[in-house]
Amino acid sequence: MSLIKAYVKWIIVGFTLFFIIITFKKHWQSVTEISLNYQGWLFLFLALIITLIAHIWSAWVWLWILKLFKQSFSNQWGLKVYLITNIYKYLPGNVGHFYGRISAISQQGGSVTVASLSVLLEPLLMAAAALLIALSSHSLGLIKTTNNLGILWLQGLALISVLIGIHPLILNRVIGFFQKLNSKKNLKNSSVYLDRYPGNILLGELGFVLLRGLGFILVFMAFMPVTMSQIPILLSAFSFAWLLGLIIPGAPGGMGVFEATIIALFQSSNLPISIVLSAIAIFRIISILAELIGAGLGYLFGNLSSRHY
């Protein structure tokens, strides 16, 4: 099964990269003719700042998840761990950031069950937030994510399943199962449970997706004027592409899957394909740069914390 998963992953990566390379080759001449003025560079700088803020906000939401399960860690420690481990997702396997956070919580004497649930709930609620935006956008006619009614029903069912599955009546049963499993493995644990619906966490992840979407829109604004009517379309397309990059087993950070989805969504639009190609390339660079700056801030938080104690 692991061998099959590996083959599927590389097939997806291969197809997406092939599609992106062919598209870039076809429109390379028009892409090279694009230039940025002072205002364009300013928009790119703002996109970098907003993307960095989005990652810091995501770290706060992760801390909310830990506190929801009665785990008391300092804000400095949480920001440090999250921002530093965030770049581990670019390691082979795309799970390094999850392992790093579980290991950090365990080393601080936290519950292994909560550590596991925190890295499970975070991407799950991120996906739910992005799916909520994508389905709403499709129903409003902003973007067309699929022509298949069955797939739309499956997407709606997936969203409803997540929203119901995080209810304490269900999630506490899952927690109990993990606690029994970890106790058999002699892992350090404590009794944890959820006493309220994590609606604030879902709203927090929705804010994260919207902030990332704003950064994406600012990149487009660096290359072309964006009207008010285009903003919901760009945000909707970003949310759907980011969702696929999160859930499809491809390259780390959704690399390739995100770009291919954006190109496919905008091929039939009135947006110049050269602008689309330039924007997604620059946006990927900005995203990685923001994560690197975030990791640097994480180390700074760590040094300040160690000096304080």
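This is a predicted model: local features need pLDDT of at least 70, side-chain atom pairs count only at pLDDT 80 or more; totals for chains, interfaces and linings use all residues.

Colleague: Which helix is serine 236 found in?

Modeller: Serine 236 belongs to helix 9, which covers residues 230–247.

Colleague: And what is serine 236 in contact with, leaving aside its neighbours within four places in sequence?

Modeller: With those neighbours set aside, the contacts of serine 236 are Ser137, Leu142 and Ile143.

Colleague: Switching to helix 5, how many residues does it have, and what does it reach from its first C-alpha to its last?

Modeller: Helix 5 runs over residues 112–139, which makes 28 residues, and it reaches 40 Å between those two atoms, close to the 40 Å expected at 1.5 Å a residue. Just after helix 5 comes glycine 141, which takes a positive phi of about 80 degrees.

Colleague: How many residues of helix 5 are buried?

Modeller: The count is 22 of the 28, so helix 5 is largely enclosed by the rest of the structure.

Colleague: Then how do the axes of helix 4 and helix 5 cross?

Modeller: The axis of helix 4, residues 96–107, comes within 9 Å of the axis of helix 5, and the two cross at roughly 150 degrees; the helices are therefore roughly antiparallel to each other, and the crossing is right-handed.

Colleague: Which residues meet there?

Modeller: On the helix 4 side they are Phe98, Arg101, Ile102, Ile105 and Ser106, and these meet Val112, Ala115, Ser116, Ser118, Val119, Glu122 and Pro123 in helix 5. By type, the residues of this contact divide into seven nonpolar, three polar and two charged.

Methods. Residues are numbered from 1 along each chain as its sequence is written. Side-chain values use heavy atoms; hydrogens and water are left out. Helices (H or I, at least four residues) and strands (E, at least two) are DSSP runs, numbered from the N terminus. The expected span of a helix is 1.5 Å times one less than its number of residues. Buried means under 20% relative accessible area, exposed over 50%, partly exposed in between (1.4 Å probe, protein chains only). Contact means heavy atoms within 4.5 Å. Axes are lines fitted to C-alpha atoms, for helices over the stretch in contact, and angles run from 0 to 180 degrees between N-to-C directions. Angles under 35 degrees count as roughly parallel, over 145 as roughly antiparallel, 65 to 115 as roughly perpendicular and the rest as oblique. A crossing is left-handed if the near helix is turned anticlockwise from the far one by less than a right angle, and right-handed if clockwise. Ala, Val, Leu, Ile, Met, Phe, Trp, Tyr, Cys and Pro count as nonpolar, Asp, Glu, Lys and Arg as charged, and the others, Gly among them, as polar.
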